[in-house]
Amino acid sequence: MTNQLPTRLTWQQVCARRLQVHALARPAKDARPSEIVAATAGTHAQVMSAAELGIALRIEGATRVDVRHALWNEHSLIKTFGPRGTVHLLPAAELAVWTGALSAVALGPSPLPDSVRMSPDQTEAVLDAIGTALLGTELTVDELTEAVADLAGPWAADPVMPAFQTYWPRWRQVQHLAGHRGSLCFGPNRGRNVTYTNPRRWLPSFRPAAAEEALPGLLRSYLRAYGPSTPQRFAHWLNAPVSWAHSVFESATGQLCQVDVEGSPAWLPAGESDVPDEMPSGVRLLPYFDGYAYRVGNQPPEHLCPGRAADRILGGNFQVLLVDGVVGGLWHQRRSGRRIAVSVEPLVDLTPAQRGELDLQVCRVGEVLQGNATLTIGRVTVGSHG
């Protein structure tokens with residue numbers, strides 16, 4: 001790390017930095033979707049429409065079509081399993097670092113019973129089978145199950161994993177690990193069916209980076225997007241042991257700089273401790289999982305969700321209204337044809353200028369989603385996603 005006297009920052013300055021880095025202070029001009037995803041250390045994509053909206057809102061004039069083109073035509077974005085084993089969009093240019101690092105994250109004990117778990121040898125057999133089966137093709141989960149059973153053995157397809165009131169085949173307990181190893185990613189949907197493929201179909205020279213190179217690289221990406229931060233918060237972001245996260249920070253000695261955030265030590269990539277001159281400002285609409293990532297990445301809940309927001313937001317994944325960089329409300333949209341009804345529940349008093357910004361944000365939501373959006377102010381009925 002460093003022995004230099006740390007730079008002193010306030011939480012407001014940290015918030016202003018976050019808004020700038022995430023292209024939320026103002027939309028980026030001429031940025032590519034992959035550049036936005038890199039700046040935010042991956043984009044949660046469990047709900048693809050939310051990922052498309054969150055990325056395009058950060059680029060001046062962009063729509064969901066631009067994100068889809070980057071994913072399925074350019075392949076500058078890859079949809080795969082990212083932090084915490086959840087579905088993410090990751091920049092293709094950084095996939096080697098991501099897979100090298102994620103496959104090296106220390107794993108906790110499996111929650112599955114002994115009768116369901118696979119031995120280390122079985123796990124490796126399944127992971128090899130997945131990578132082989134997906135080379136040069138796209139398979140649905142049922143087709144992949146058959147292929148894995150043919151290559152690894154019929155035991156891999158035993159329906160033993162309780163999931164959504166049914167049972168999944170045994171091999172699926174390591175599905176996210178196949179993504180972390182770089183042998184599986186998502187292909188385009190086939191009708192309503194999800195497909196999987198091997199990322200080498202689109203990136204022939206791709207290979208996961210060595211862990212000793214990849215882990216410091218991922219740590220720098222995380223700190224660039226969510227710093228200043230700590231080993232504890234890095235561990236939370238990855239769902240990894242805190243002791244392991246400390247070791248990653250120690251391995252990055254010389255690549256990090258320590259800062260003081262209102263009396264608490266935290267870290268940034270070396271040479272990147274500058275913060276914007278202006279204080280956090282503006283009104284922004286964050287879609288599902290975007291607001292969750294904004295929260296889970298770093299800032300303590302009491303700073304990000306002050307006052308009434310804590311009661312309405314914490315403990316769930318909601319679409320949030322950011323006011324001056326902190327959660328100031330909830331929102332919801334309902335689509336019928338080209339009409340998009342946007343309902344917003346402010347939890348703070350909006351100034352006339354902020355109300356005008358909100359109108360512009362709602363218009364941008366309509367543009368990104370290729371529809372006509374209208375705004376209603378009132379209490380929002382919300383449900384948690386994921």
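**Exercise 1. Find which residue in β10 threonine 7 stands opposite, then describe the sheet around this pair.**

Step 1. Threonine 7 stands opposite valine 259 in β10. A word on the model: it is predicted, so local features need pLDDT of at least 70 and side-chain atom pairs count only at pLDDT 80 or more, while totals for chains, interfaces and linings use all residues. Residues are numbered from 1 along each chain as its sequence is written, and side-chain values use heavy atoms, with hydrogens and water left out.

Step 2. β1 and strand β10 (residues 256–261) pair in the parallel sense over three bridges; pairing requires at least two bridges found by DSSP. Strands here are DSSP runs of E with at least two residues, and helices are runs of H or I with at least four, numbered from the N terminus.

Step 3. The open sheet has three strands in the order β1-β10-β11, with mixed pairing. β1 (7–9) and β11 (264–269) stand at the edges with a single partner strand each, so one side of each lacks a neighbour in the sheet.

**Exercise 2. Work out which residues proline 188 touches, and how exposed it is.**

Step 1. Proline 188 is in strand β8 (residues 185–190).

Step 2. Its relative accessible area is 28%, so proline 188 is partly exposed (buried is under 20%, exposed over 50%, partly exposed in between; 1.4 Å probe, protein chains only).

Step 3. Not counting residues up to four places away in sequence, proline 188 touches Trp72, Glu138, Thr195 and Trp202, where contact means heavy atoms within 4.5 Å.

Step 4. Glutamate 138 is 50 residues from proline 188 in sequence, and their C-alpha atoms are 8.4 Å apart.
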